[in-house]
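Visitor: I would like to learn how to read a protein model step by step. Could you take me through one, giving the general idea before each case?

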Amino acid sequence: MFYETDKNDHGLSRAPFKSCVVPRPIGWLSTVNADGVPNLAPYSQFTNLTFDPPYVLVSINRKLDGERKDTALNIEATGEFVYNIVPYALRDAMDITAAPFPPDVDEFEKAGLTKAPCEMVNVPRVAESPINLECKYVQTIILPGTSRVGTADVIIGKVVGVHIDDDCIMEDDKIDMEKIRPLARMGYSDYTSAESVFELSSSKDFAIDSKERHGMEGATGKLD
Ligand SMILES: Cc1cc2nc3c(=O)[nH]c(=O)nc-3n(C[C@H](O)[C@H](O)[C@H](O)COP(=O)(O)O)c2cc1C
């Protein structure tokens, strides 16, 4: 089949687009509002952008009435946010935090999660989450939509601090993803979690320059 997105003439009872780029990692973002009330919500239009220094990006659609979501408002108001990885064990808690609670409701409490302090931002992280990235706001790009909800606040943040649970670091210094089982979105209300890890070694052959391998394999050392 083929369809034009401007026409959306796919003929299916469910729009397929969100299932075409998968699995999408879930940026479980904690923020605080201008009054200091914590907020936590999942965003699967989320990715890392680059690594030296590390930046991440989240795309936050507008609410049905065209208003901006709490996460976008809070990030711009305070200039800070935290990414929390969603392990399979926290799937139900993550789902609870997706509900459209009003800004004065603390989703950590609603989902029974513990707040842990951060080092470089005044935003709590999810203590039960094994990886947390402390982020500083960089810029917003507003993508116009063909509907109110289609309008997206694309927010870029610079990662200034990284927490990793020591119990999730293996003897070879890699993060134990089979232990974490990171959750990812598949479109619709479908999810998957990474259950197995395998290695491909071709990058070792074609990336002659050790600096070139830096980005691919996580080599350490200073770059030019
Ligand atoms: C797994 C998952 C992924 C989501 N991803 C997005 C997303 O990428 N963009 C978006 O606008 N909303 C997304 N949502 C919906 C928001 O989480 C939801 O609108 C939430 O109430 C926003 O909370 P906030 O207003 O506190 O930021 C997602 C929901 C779930 C369950």
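Guide: What follows is a conversation about the chain shown above and the ligand beside it.

Guide: This is a predicted model, in which local features need pLDDT of at least 70 and side-chain atom pairs count only at pLDDT 80 or more, while totals for chains, interfaces and linings use all residues. Residues are numbered from 1 along each chain as its sequence is written.

Visitor: How many helices and strands are there in the protein chain?

Guide: Helices (H or I, at least four residues) and strands (E, at least two) are DSSP runs, numbered from the N terminus. By that reading, the protein chain holds six helices and 12 strands.

Visitor: What does the radius of gyration say about the protein chain?

Guide: The radius of gyration is taken over C-alpha atoms, and the globule rule is 2.2 Å times the number of residues to the power 0.38. For 224 residues a compact globule would come near 17 Å, and the protein chain has 19 Å, which agrees. Along the principal axes, the C-alpha atoms fill a box of roughly 50 × 50 × 35 Å.

Visitor: In what order do the seven strands of the open sheet lie?

Guide: Strands of a sheet pair through backbone hydrogen bonds, either parallel or antiparallel. Two strands are said to pair if DSSP finds at least two bridges between them. Here the order of the seven strands is S3-S2-S6-S9-S10-S5-S4, and the pairing is antiparallel. S3 and S4 (46-51) stand at the edges with a single partner strand each, so one side of each has no neighbour in the sheet. From one strand to the next, the twist averages 30 degrees; for such angles, axes are lines fitted to C-alpha atoms, for helices over the stretch in contact, and the angles run from 0 to 180 degrees between N-to-C directions.

Visitor: What is the order of the open sheet of three strands?

Guide: That sheet has the order S1-S11-S12, again with antiparallel pairing. Its edge strands are S1 and S12 (191-193), each of which pairs on one side only. Three bridges join S11 (residues 183-185) to S12, and Ala184 stands opposite Thr192.

Visitor: Which residues of helix H1 are buried?

Guide: A residue is buried if 20 or more other C-beta atoms lie within 10 Å of its own, exposed if 12 or fewer, and partly exposed in between, with the C-beta atoms placed from the backbone. In H1 (residues 70-78) the buried residues are Asp70, Thr71, Ala72, Asn74 and Ile75. Two residues are in contact if their C-beta atoms, placed from the backbone, lie within 7 Å. The buried residues of H1 pack against S2, S3, S5, S6, S9 and S10, and the helix runs at about 55 degrees to S2. Over the protein chain, 25% of the 224 residues count as buried.

Visitor: Why does Thr5 count as exposed?

Guide: Thr5 is exposed because 10 other C-beta atoms lie within 10 Å. Thr5 has its place in the segment before S1 (24-25).

Visitor: Which residues come nearest to the ligand?

Guide: A residue is near a molecule if its C-beta atom, placed from the backbone, lies within 6 Å of it. Of the 17 residues around the ligand, Ala41, Gln45, Asn61, Asp70 and Thr71 come nearest. The largest share of this shell, four residues, comes from S3, and S3, S5 and H1 each supply at least two residues.
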